[in-house]
Amino acid sequence: MTRLIAFDLDNTLLNSKKEVTPENMRVLEKAAELGIEIVPVTGRAWPGVPENVRSMEFVRYAVTLNGAEIIDLKNNETIAEALMPPERGKTLCRVIDELPVVYDCIADGVRLMKRECYGRIDSVSEGAWQAKIIRDSANPVDDVAEALAKFRGIQKMQIYTLDNELREALLKALPVVFPKALFTSSIPNNIEINDPKANKGDGLRTIADCLNIPVSATMAFGDGLNDIAMIRAAGIGVAMGNACREVLEIADHVTADCDHDGVAEGIKTFCRGIDD
């Protein structure tokens, strides 16, 4: 019996217009009424999560920044975190500074971005929605590496490029140069960098443990590379119909795509009582 449902946001719960469809909302509300814990698991920081998700009254816990921060929303407190040391981030910055990309770094909830990168946000963004999130939340600085000195640790770094060949090359090369960092991706124009302990699979296990729920009683939905650890960890790992090849290959089940209520369909497939 499923007792916890975890889901990625972009291109999973959220459709291509960044909306939560009425059917997805109805099914999540019904699942919550049945006592199932509903947990967003996202690469975004919580302030960057769309209001249509942040306003869900039945959501108490959230795994954010790919597992770098796990939040108890009711008590407004961080219950677990996994940070990358500032010195490791500084070294990464010096390498990325030499690449033809835009990047940022989130440390203690502050998004740092070089002024030169800030001026090129539109040129690397997947769409206006992404450019707005970055622009509204970024703090432009002269040198990100030097700015990191005053922070406890790094929650997440992110590289943006619309050059898919470069992105694929970096996803292969950077893990070799930096084996103590985790490189994933959630959307076609980004590379996400975390501490290896900051991953959605460990985030799911942490939440399940806090709630005394066996991981075998969890279900997880995802579409991107950063969802693989969560899909593997869950009792039932569900790939969206629009998921990347790597997710489709390891999922227990494939549901409809994000524009056709895939999350709702998957829940109704495995959870009794939704439409009884």
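Buried means under 20% relative accessible area, exposed means over 50%, and partly exposed is in between (1.4 Å probe, protein chains only). Helices (H or I, at least four residues) and strands (E, at least two) are DSSP runs, numbered from the N terminus. What you're looking at is a predicted model, where local features need pLDDT of at least 70 and side-chain atom pairs count only at pLDDT 80 or more, while totals for chains, interfaces and linings use all residues. Residues are numbered from 1 along each chain as its sequence is written, and side-chain values use heavy atoms, with hydrogens and water left out.

**View 1. Strand 12 is mostly covered, with five of its five residues buried.** Strand 12 runs parallel to strand 1, joined by four bridges, and Phe7 stands opposite Phe221. Strand 12 also runs parallel to strand 13 (residues 236–239), again with four bridges, and there Phe221 has Val238 as its bridge partner.

**View 2. Five strands make an open sheet in the order 2-1-12-13-14, with parallel pairing.** Strand 2 (37–40) and strand 14 (253–254) are at the edges with a single partner strand each, so one side of each has no neighbour in the sheet. Pairing here takes at least two bridges found by DSSP between two strands. Strand 1 (residues 4–7) and strand 2 run parallel and share four bridges, one of the links being Ala6 with its bridge partner Val39. Helix 9 (residues 200–210) lies across strand 1, strand 2 and strand 12, and runs at about 155° to strand 1. For angles like that, axes are lines fitted to C-alpha atoms (for helices, over the stretch in contact), and the angles run from 0 to 180 degrees between N-to-C directions.

**View 3. Asn226 sits in the loop between strand 12 (218–222) and helix 10 (228–233).** Is Asn226 buried or exposed? It's buried, with a relative accessible area of 5%. The Asn226 side chain makes a polar contact with the side chain of Glu192, at 3.4 Å. A polar contact is a pair of N or O atoms within 3.5 Å; within protein, one must be able to donate a hydrogen and the other to accept it, and residues adjacent in sequence count only if both atoms are side-chain atoms. Setting aside neighbours within four places in sequence, Asn226 is in contact with residues including Gly43, Asn66, Thr184 and Lys200.

**View 4. Strands 3, 4 and 5 are linked by hairpins.** Strand 3 (residues 61–64) and strand 4 pair in the antiparallel sense over four bridges, with Tyr61 opposite Asp72. Four residues lie between these two strands, and in the turn Leu65 has a positive phi of about 55°. Strand 4 and strand 5 (residues 77–81) run antiparallel too, joined by four bridges, and Ile70 stands opposite Ala80. Their hairpin also has four residues between the strands, and Asn76 takes a positive phi near 50°. In strand 4 (residues 69–72), Glu69 and Ile71 point one way, Ile70 and Asp72 the other, and all are buried.

**View 5. Helix 3 (residues 86–96) has Gly89, Leu92, Cys93 and Ile96 buried.** Seen down the axis of helix 3, these buried residues fall within an arc of 105°, so they line one face of the helix. The arc is that of the directions from the helix axis to the C-beta atoms. An α-helix has 3.6 residues a turn, so residues three or four places apart point the same way. The cover over the buried residues of helix 3 includes strand 6, helix 7 (144–147) and strand 9.

**View 6. Helix 6 (residues 128–137) has Gln130, Ala131 and Ile134 as its buried residues.** Down the axis of helix 6, they fall within an arc of 100°, so they line one face of the helix. On the other side of helix 6, Ala128 and Asp136 are exposed. Among the elements covering the buried residues are strand 7 (110–114) and helix 5 (121–124).

Note on methods
Contact = heavy atoms within 4.5 Å.
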